[in-house]
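Here is a short report for a reader new to this structure. It covers packing and charged pairs.

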Amino acid sequence: MNKKLVLALMGMTAAAGIASAANIDVSSDITTSVTWSSNNVYNLTKQLYVRSGATLTIPAGTLIKSTTGVGGSLAVSRGGKIYVNGTASAPVIMTSTSDNMTSWHVGANEWGNLTIMGKGLISASLAAGNTATPTGLNVKQMEGLTADGINDVVYGGNNDNDDSGSIHYLSLRYGGKVIGLANELNGLSLGGIGRATDIDHVEIMNNVDDGIEIWGGTVNLKYVNIWNIGDDSMDIDQGWRGKAQFGLIVQGYSVDAAQGSGWGDNCFEMDGAEDSDAQPVTTAAIYNFTTIGQPLQGDQGTAWRDGARVQFGNCIWMDLGEALVKNDNADGDGSHGYGYNGTLSWINTWTTPYTSYSPVNAGTFTPGAFNDPAVMYTAQSAGNLVQIKDSVFFQNAFASAYTEADARGVRGAANNNVTVSVLPIQLLQRAPSINIQSSKAMLMVTNINPCAANDAVTSVATAPNDGFFTPAQFRGGFSADNNWLKGWTAIDAYGMTSGSATVDPSTTIQMTASTFFQTIAGKVYTVEQSSDMQNWSPVAMVTGDGSIKSATDLAAFDSAKFYRAIIQ
C-alpha cells in the first residue's frame, strides 16, 4: 500500500468554526488517553491534571476558554503527555472568557496556565530530602500547584531524554492564577522537561507572573513570543541545560499591580542552581531573540544569579529600563551566589571555556551515565560559559546600562556586538505614557514589525549547526522578510503586528522512488517526521537554494513515515 509524503508549511489546516462550537465543561482529571475536538470550546472548571500514563491530544484550531475568575488550569504530571497540534492558520488558544479574541485588554489572573512536569535532572538541593549532587532522585513540588496526595505535583528525575509530548502553535493569554505570596502560576511552567519534548511557536500574552519559567531539565524552545508579563519574561532556574532560538520579548504590564505581579521585572532572569554549589547548574545557549524593554520602568535585560551559565548570540537588545547585564549574585531564597564553596566566580564565568565542568558536588558517576558532566552539559558547543556575541544594542539609555557589560568586555571588538543609533527592526510604535500604581510610567507597544532592519539584517556569525539551531545569518528573532507572528498569535489577532509571513511551497505527493519539495534560495527548512500525521519530530535541516530537494536523501528517511518541511 502506498503512503503519502506530506511536505507542507504548518498552517494548512483550516480552523473549525467557533460560532457553532459546543461548550464543554472539563471537570475531571484525564486518566486515560483522550483527543479533544476543534468543534468544541473547552472550559477548565478547576485545576485539572493529565495523570501519569495518560495522553491529551489537542488538534489544530481548538479553543480552551475558561471562565474568568474561576481559576481553571491544566497540568501534565510526570509520565503524562500532551500533544498540542496547532498550525499557523489554526492555532490552539488557551484564554479566559474575558478575551474577545479581537482586541487587547488590561488583564491577567483570569484563569490558570499550562504546567508540564517531567523526569529530567534538576538541582533542588534546598528542598527537604534532596542533595546538592545530581543523584537523579531530587524532586520538587511545582510552584502554583497544591499537593493532592497522589504525588502528581512534583517534577524531577534522572532522564534528560524524557518525552512529555509536543507543543506547536499555542497561544496562552491572560493567565497566571495567584495561590499566595511567591506562589503564582506562570504562563507556561516547565519542570524537569526532557529534550525529547518538542516545543515551538508558543505565545504568552498578559500573565500575572513570569511568562515562561523553566526548572532544570533539557527542553529546547523555538519561536517564542512573550508580551506584557507581570514579572520576568523568561525565568530559568534549577539547572536548565537547554537551548532556545527565535524569540520576541516585549515588556509592559498586564494588570495595575506591583512590579513582579503586574508589571515587568527582568527580561531574562537566570538562576544557576537552587543553591549555588549544587549540580546540575544552568548551562544553556540562546540565539536570535529580539528583546524590547520598558524604557521608563523596566529592569534588566539579563539578571544573573547562583552560578548561571548562559550564552547569548545574534540578539537585539533595545529600550531596556536598566542594565543590559546585572550580576544579581544570589536569589535571596537561601542560596549563596557566584563563587560559593569553590564554584566559579562571576568574573571567571566570562573567561572559562564551555568545556570546563565544575568538580564541586559532582558526585560519583559512571562515564556515559546520566550524571556524567559530559552528558549533563551538552547545550553549549563553543565559546565561554557566559557570553553575549554578535548582537545589536539600541537605545538602552539608563545611566549604567552598559557598566557591567563593559566590565566583562561585552562590547569589545572580538564579540562582534554593535551599539547603534538606528532602529534595528522595521517598525515600533508606542502609546502615550500612562501611569500605573499611581506613578509608574508605561510606554506600551501598540504595533510592531519585528523583522530585521539596518544593522540586524546581517550577522557576522550564526548559531551552531547542531541539529537544533538554525544557522540564521541575521540578528534578532526575525529575518528581514518573515514575520512569523502572523496568523497564529494574539498580537496578530489584536492588530498589533504588521508585515507578512513568508509563504512556503507545499505539496502532497505519492510515495515513489523519489519524492521532492521545492525550496526558496536562502531559506532554511526543518523537515519533520511522523507516524500518524499528528505528532511530529524534527529529523533534518535543509537550506534552500532554489532547487527541488528530495526527502529520500535524508539520513533518517523511512518509507513507512510521513514528512513535512517547515520554513524557518
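## Packing

Contact means heavy atoms within 4.5 Å. Leaving aside neighbours within four places in sequence, phenylalanine 312 is in contact with residues including Phe268, Trp304, Trp317 and Ile388. This is a predicted model: local features need pLDDT of at least 70, side-chain atom pairs count only at pLDDT 80 or more, and totals for chains, interfaces and linings use all residues. Residues are numbered from 1 along each chain as its sequence is written, and side-chain values use heavy atoms, without hydrogens and water.

A nonpolar core is a set of buried Ala, Val, Leu, Ile, Met, Phe, Trp, Tyr and Cys residues joined through side-chain atoms within 4.5 Å. Buried means under 20% relative accessible area, exposed over 50%, partly exposed in between (1.4 Å probe, protein chains only). The largest nonpolar core has 66 residues. Phe312 is among those with the most contacts inside it. Another core, of 30 residues, lies apart and includes Trp227 and Met318.

## Salt bridges

The whole structure holds 15 salt bridges (a side-chain nitrogen of Lys or Arg within 4 Å of a carboxyl oxygen of Asp or Glu). Lysine 140 pairs with glutamate 274 at 2.4 Å, N to O. The two are 134 residues apart. Lysine 140 is partly exposed at 26%, whereas glutamate 274 is buried at 8%.

Arginine 241 and aspartate 160 form a salt bridge at 2.7 Å, N to O. They are 81 residues apart. Arginine 241 is buried, at 2%. Aspartate 160 is also buried, at 8%.

A network of salt bridges links Glu269, Arg305, Lys326 and Asp328.

Definitions and conventions: Helices (H or I, at least four residues) and strands (E, at least two) are DSSP runs, numbered from the N terminus.
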